Amino acid sequence: MEFDPQYLAQAPHLVVFTGAGVSAESGIPTFRDALSGLWEHFDPAQLATPQAFRANPALVWGWYEWRRRKMLQAQPNPAHLAIAELARRVPRLTLITQNVDDLHERAGSPSVLHLHGSLHTPQCFACNRPFKGKLPCPDLPEQGGSLEPPRCSGCNGKIRPGVVWFGESLPQAILKAAFQAADDCDLLLSVGTSGLVQPAAQIPQRALQQGARVVHINPQPQECRAPQEYSLTGPAGQLLPQLVQRAFA
Ligand code: BJW
Ligand code: ZN
């Protein structure tokens, strides 16, 4: 069945759940896309786990600094802007992202639940104290290279990126708020995610289980198992502005 944009205009509580695909058109690589995904070129076990940081903190810090600087240069794209516009149009919108960039905020979204943390909130690996200093900005080779992490002013521990690595718990209050929103919403837009990483992948499932409509927006067609599940096939930067325009024309 076709998704009627009027459902968007009529939803009392809309959840927008985003993944790396929403930032792809801003030039930020996804993780699992063939050829362009980060995990095509880098091994997550050596870069995105606490064990990796313990084994080689300079390698991990250098890689994340390279990514953080790329993200600082990136700009929000029409998908981020359309989501911010939706927040101004609908009675209630909960925005949940798996992304560690700040492009939703820079597009004007007023409140964002960051399930996997942020590249802009480094903290101490030993005592978790947030790092408040200015990050040094030495030259870095393309794709990272070794860079010693700064030290914590409290305990001299090594500073790590403020993201959630494999095997780590998600921020519990944020996960709880995200699950509550999924359990309560009328419509959920799942934008640019492969839905492979737990526990975030449960969010669209929870919305479906309590009867909400779920719309996947992705260039890859998504399998729809429930009658109130829809797949809109194409890049988010094209589809989302069209959807918003049609819903509120
Ligand atoms: C477009 C587009 C365009 C392209 N427009 N779309 C149960 C079963 C099995 C395993 C587990 C389990 N529970 C926990 C686990 C372990 C693990 C896990 O899920 N592993 C699976 C991979 C198998 N989960 C964890 O470890 C989590 N912690 C946890 O559960 O703690 C308790 C626990 C621990 C251990 C055991 C059991 C319990 C933590 C997960 C942390 C994820 N961290 C990362 C890295 C963040 C830091 C960094 O940036 O480096 O988060 S991994 C990476 O994947 C990142 C993303 O947020 C996340 C999701 O990826 P996403 O966003 O979906 O991106 P892609 O690339 O996968 O997909 C992009 C999509 O966009 C594609 O579909 C494209 O088609 C599409 N696209 N262009 C729209 N223009
Ligand atoms: Zn410390």
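Biologist: Across which strands does α9 lie, and at what angle does α9 run to β6?

Modeller: In this predicted model, α9 lies across β1 (14-18), β2 (93-97), β6, β7 and β8. The direction of α9 is at about 155° to β6. Helix α10 (residues 236-247) also packs on the sheet, where α10 touches β6, β7 and β8. Its direction makes about 140° with that of β7.

Biologist: In what order do the strands of this sheet stand, and is the pairing parallel or antiparallel?

Modeller: The order is β3-β2-β1-β6-β7-β8, an open sheet of 6 strands with parallel pairing. An edge strand is read from its pairing: β3 (112-114) and β8 (229-233) each pair on one side only, and these are the edges. From one strand to the next, the twist averages 20°.

Biologist: How many bridges join β7 and β8?

Modeller: Strand β7 (residues 213-218) and β8 pair over 5 bridges, in the parallel sense.

Biologist: Let us turn to the loops. Where is T193 found, and is T193 buried or exposed?

Modeller: T193 is found in the loop between β6 (187-191) and α9 (202-209). Burial is judged by relative accessible area, with under 20% taken as buried. T193 has 13%, so T193 is buried.

Biologist: Which residues does T193 touch, not counting those up to four places away in sequence?

Modeller: With that exclusion, T193 touches F17, G19, Q98, N218 and Q222. One of these, N218, is 25 residues from T193 along the chain, and the C-alpha atoms of the two are separated by 7.6 Å.

Biologist: Where does UniProt place the feature "binding site"?

Modeller: The UniProt record, an unreviewed entry, places this feature at C124, C127, C152 and C155. These residues span 32 residues in sequence, yet no two of their C-alpha atoms are more than 8.6 Å apart, so they gather at one spot.

Biologist: Which of the annotated positions does C127 touch, leaving aside residues up to four places away in sequence?

Modeller: On that basis, C127 touches C152 and C155. The place of C127 is in the loop between β4 (117-124) and β5 (159-163), and C152 lies in the loop between β4 and β5 as well. With the same exclusion of sequence neighbours, C152 touches C124, C127, R129, G157 and I159.

Biologist: What does relative accessibility say of C127 and of C152?

Modeller: C127 is at 36% and therefore counts as partly exposed. C152 is at 5% and therefore counts as buried.

Definitions and conventions:
Residues are numbered from 1 along each chain as its sequence is written. Chains are lettered from A and ligands numbered from 1 in the order in which they are written. This is a predicted model: local features need pLDDT of at least 70, side-chain atom pairs count only at pLDDT 80 or more; totals for chains, interfaces and linings use all residues. Side-chain values use heavy atoms; hydrogens and water are left out. UniProt positions are given in the numbering used here, feature names are shortened, and annotations may be inferred rather than shown by experiment. Helices (H or I, at least four residues) and strands (E, at least two) are DSSP runs, numbered from the N terminus. Buried means under 20% relative accessible area, exposed over 50%, partly exposed in between (1.4 Å probe, protein chains only). Contact means heavy atoms within 4.5 Å. Two strands pair if DSSP finds at least two bridges between them. Axes are lines fitted to C-alpha atoms, for helices over the stretch in contact, and angles run from 0 to 180 degrees between N-to-C directions.
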